[in-house]
Amino acid sequence: MTDIESTNRDDVAQHELESSLTARVVRSFGESPDDRLGFIMTSLTTHLHSFLREVRLTEDEWARGIEFFTAAGHITDDRRQEFILLSDVLGASMQTIAMNNPVVGDATEATVVGPFFTEESPEIPLGGDMAGGASGRPCWVEGTVTDTAGVRLAGARIDVWEADSDGFYDVQYDDGRAAGRGHLYTDDVGGYRFWGLRPVPYAIPHDGPVGELLAAVGRSPMRASHLHFKVTSEGMRTLITHIFVEGDELLESDAVFGVRDSLTKKFVEHAGGSSTPDGRDLGDSAWSSVRFDIVLSSVPS
Ligand code: BEZ
Ligand code: FE
C-alpha cells in the first residue's frame with residue numbers, strides 16, 4: 001500500500017469514528033419519554049458535534065471552554081446572571097424573542113428584558129417622576145397604548161426602568177434605593193405620560209467571563225442609550241421592549257443586538273428655562289421629550 005493509500009484509509013477510518021460517535025449520542029435521545037425534550041437534545045447534539053468537528057476543537061480549547069462555564073457559574077448569584085448575559089451577547093436572547101414575538105401588523109416590536117427588571121417598583125401617578133432622585137437630564141415621555149386596530153387601551157400597566165447618568169441601575173447600588181424605575185397605568189383614553197431621564201449609553205456588566213470574552217474578540221460591552229418598558233393589558237400579549245435615541249452612535253453596535261429601527265425615537269432637546277408640558281419648574285435645567293405610541297397584539301386564541 002502506498003503512503004497516499006494508507007493516509008486515505010486512515011482518513012476514512014477517522015471520519016467513520018467521529019460520525020459513528022455522533023450518531024450514537026444522537027440516538028441516545030431518540031427514546032425520550034418527553035418528545036419535545038428528545039427533539040431538542042437530538043438537534044442540540046447534532047449541531048454541537050458538527051461544531052466540534054468543524055472547528056477541530058483542541059483539548060486545550062475544550063478545557064478553556066469548561067473553565068469559562070465554571071467561572072460563569074461562580075459569578076452567578078441572585079443579583080448577577082452571567083448565563084443570561086452570555087445568551088444576550090451571542091444574540092441568542094434576541095433570536096428567541098424574534099421567534100416568539102412574531103410580527104403582527106404594526107404591533108410594537110419586543111427586545112431584551114435585561115437583568116435589571118424588578119417585579120416591585122414604586123407606582124407613579126400619570127405625569128409623575130420615575131427618576132426618584134436618580135441623576136440625569138429630565139425627560140418627558142408620553143404616548144398611547146392601543147391594540148393593532150387602533151382601539152385605545154385604558155388601565156394598561158406600564159413598567160419603566162433605566163440607568164442613571166453614570167450608567168447604573170438602582171439595583172447595582174448597595175443601598176437598596178428604588179430610582180429610575182416605576183409603574184403607572186394608562187388613562188381612560190389609553191394615554192400615559194411621565195417624567196424620566198434622557199437615556200445614556202452604558203456598559204453591560206463586563207467584569208466577569210463574558211466581559212473577558214468580549215475583550216478577547218475586540219467587542220465593546222456598550223449598550224445603545226435606551227429606556228425599558230414592560231406593558232401589560234388584559235387579553236393582550238405582554239410587551240417587553242425599549243426605546244432608543246435617534247442619532248445615538250451605538251445603535252449599530254449594541255452589545256446585545258437589541259436595537260430595532262422601529263424602536264428608535266426622536267428625543268427633542270429643550271433649553272433650560274423653556275416651558276414644560278405640565279408646567280413643572282425645572283429652573284435652568286435643560287430637558288428632553290419623546291413620544292412613544294405603543295401597539296399591543298392580542299394573545300392568540
Ligand atoms: C439592559 O438593557 O438592561 C441589559 C440587557 C442585556 C444585558 C445587560 C443589560
Ligand atoms: Fe438597560
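Here are some questions and answers about this predicted model.

Q: Is glutamine 172 buried, partly exposed or exposed?
A: Start with where glutamine 172 sits: in the loop between β2 (157-161) and β3 (181-185). Its relative accessible area is 30%. Buried means under 20% and exposed means over 50%, so a value in between counts as partly exposed.

Q: Which residue has its backbone nitrogen 2.8 Å from a polar atom of the side chain of glutamine 172?
A: Leave out residues up to four places away in sequence, and glutamine 172 touches Phe116 and Gly167. The backbone nitrogen we want, 2.8 Å from that side-chain polar atom, belongs to tyrosine 169.

Q: How far from aspartate 88 is the nearest side chain of opposite charge?
A: Aspartate 88 lies in helix α4 (residues 82-89) and is buried. A salt bridge needs the charged atoms within 4 Å, and aspartate 88 has none. The nearest side chain of opposite charge is that of arginine 223, at 7.5 Å.

Q: Which helices are among the elements that cover the buried residues of α6?
A: Helix α6 spans residues 209-216, and its buried residues are Pro209, Val210, Gly211 and Leu214. What covers them includes α3 (59-75) and α4.

Methods: Residues are numbered from 1 along each chain as its sequence is written. Chains are lettered from A and ligands numbered from 1 in the order in which they are written. This is a predicted model: local features need pLDDT of at least 70, side-chain atom pairs count only at pLDDT 80 or more; totals for chains, interfaces and linings use all residues. Side-chain values use heavy atoms; hydrogens and water are left out. Helices (H or I, at least four residues) and strands (E, at least two) are DSSP runs, numbered from the N terminus. Buried means under 20% relative accessible area, exposed over 50%, partly exposed in between (1.4 Å probe, protein chains only). Contact means heavy atoms within 4.5 Å. A polar contact is a pair of N or O atoms within 3.5 Å; within protein, one must be able to donate a hydrogen and the other to accept it, and residues adjacent in sequence count only if both atoms are side-chain atoms. Lys and Arg count as positive and Asp and Glu as negative; His and the chain ends are not counted.
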